[in-house]
Amino acid sequence: MLGVRASHNTFSSSVLALAAEGEMASLHNLICSVSKQLVAPNCAGTAKLNGAPPSVVAASSSEASLDEKNVTKRRLALLGAGALATGLLRTSSAFAEEIPKNYKSYVDANDGYSYLYPAEWRDFDFLGHDSAFKDRNLALQCVRVGFIPTEKTDIRDLGPMDEAIFNLVNNVYAAPNQRPSIYDMQERTVDGKNYWTFEYDLEAPGYGVSAWATVAIGNGRYYTLIVTANERRWSRLRNRLKVVADSFKISDLTA
């Protein structure tokens, strides 16, 4: 479903070069793990919408790491915004923008990305992801970022935006009993880097999840940011969480 959203509720025949690297299977395993953390059903198949384009976009996840070293790294990155002012961290135009009221900035200069998140959210371990923050009381309200190696150099290398996003949502994000819907797709270019941001729902009997996602490629990595909320709260949170999705930026790593 590609069209105007009636209400705010969240690769197939040819496989792109990423699939040859065995990345589809690992991303599928990541989504299964993520679904279990969010009390979602087991992810063992593919959900499709009628009349959809048949092309495939392959992606994957990095292996999960929940050890103390990663927790420490994330907490150090939280200090990045303050360190920017005193020159303790390497900076770029992607990290130097003003932080809006009621948001905080997460800067990971070592891995080359940054984004904003609601100021009251706290960091937590999200399986297979490099960083994550969630609402203190509502677990479905969260943002997480992960990345995987890729030989691609730009998100446009995945093919036409509408087909790539359709197959990503339907064939990777959605579990077999979830009905996916896509409502909005946007491309933006910042500092010569292209980003795709899109809104989607995953509906299942008894519950639904709505989300914004932003994907980008740089530094030999395929980055994904996803920020979600319960479908029933989406109308109140949609615009606020769009700020998070739009804030995601990648910066060039230096040797």
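Helix H6 lies across E5, E6, strand E7 (193-204), strand E8 (207-218) and strand E9 (221-230), running at about 165° to E9. Helices (H or I, at least four residues) and strands (E, at least two) are DSSP runs, numbered from the N terminus. Axes are lines fitted to C-alpha atoms, for helices over the stretch in contact, and angles run from 0 to 180 degrees between N-to-C directions; contact means heavy atoms within 4.5 Å. This is a predicted model, in which local features need pLDDT of at least 70 and side-chain atom pairs count only at pLDDT 80 or more, while totals for chains, interfaces and linings use all residues. Residues are numbered from 1 along each chain as its sequence is written, and side-chain values use heavy atoms, with hydrogens and water left out.

H6 covers residues 234-247, and its 14 residues reach 19 Å from the first C-alpha to the last. That is close to the 20 Å expected at 1.5 Å a residue (the expected span being 1.5 Å times one less than the number of residues). H6 has a kink of about 35°, centred on arginine 240; the bend at a residue is the angle between axes fitted to the seven residues ending there and the seven starting there. Trp234, Leu237, Arg238, Leu241, Lys242, Val244, Ala245 and Ser247 are the buried residues of H6, where buried means under 20% relative accessible area, exposed over 50%, and partly exposed in between (1.4 Å probe, protein chains only).

The side chains of arginine 238 and glutamate 199 are joined by a polar contact of 2.8 Å. Such a contact is a pair of N or O atoms within 3.5 Å; within protein, one must be able to donate a hydrogen and the other to accept it, and residues adjacent in sequence count only if both atoms are side-chain atoms.

Next come the strands. Seven of them form an open antiparallel sheet in the order E3-E4-E5-E9-E8-E7-E6; two strands pair if DSSP finds at least two bridges between them. Strand E3 (122-123) and strand E6 (179-190) stand at the edges with a single partner strand each, so one side of each has no neighbour in the sheet. Strand E4 (residues 131-134) and strand E5 (residues 142-149) run antiparallel and are joined by four bridges. Serine 131 has valine 145 in E5 as its bridge partner, and lysine 134 stands opposite cysteine 142 in E5. E5 also pairs with E9 in the antiparallel sense, over eight bridges, with arginine 144 partnered by isoleucine 226 in E9. Seven of the eight residues of E5 are buried, so this strand is largely enclosed by the rest of the structure.

A second open sheet has three strands in the order E1-E2-E10, again with antiparallel pairing. Its edge strands are strand E1 (103-108) and strand E10 (249-250), each pairing on one side only. H6 packs on this sheet too, touching E1, E2 and E10, and its direction makes about 170° with that of E2. Two bridges join strand E2 (residues 113-118) to E10, and tyrosine 113 stands opposite isoleucine 250 in E10.
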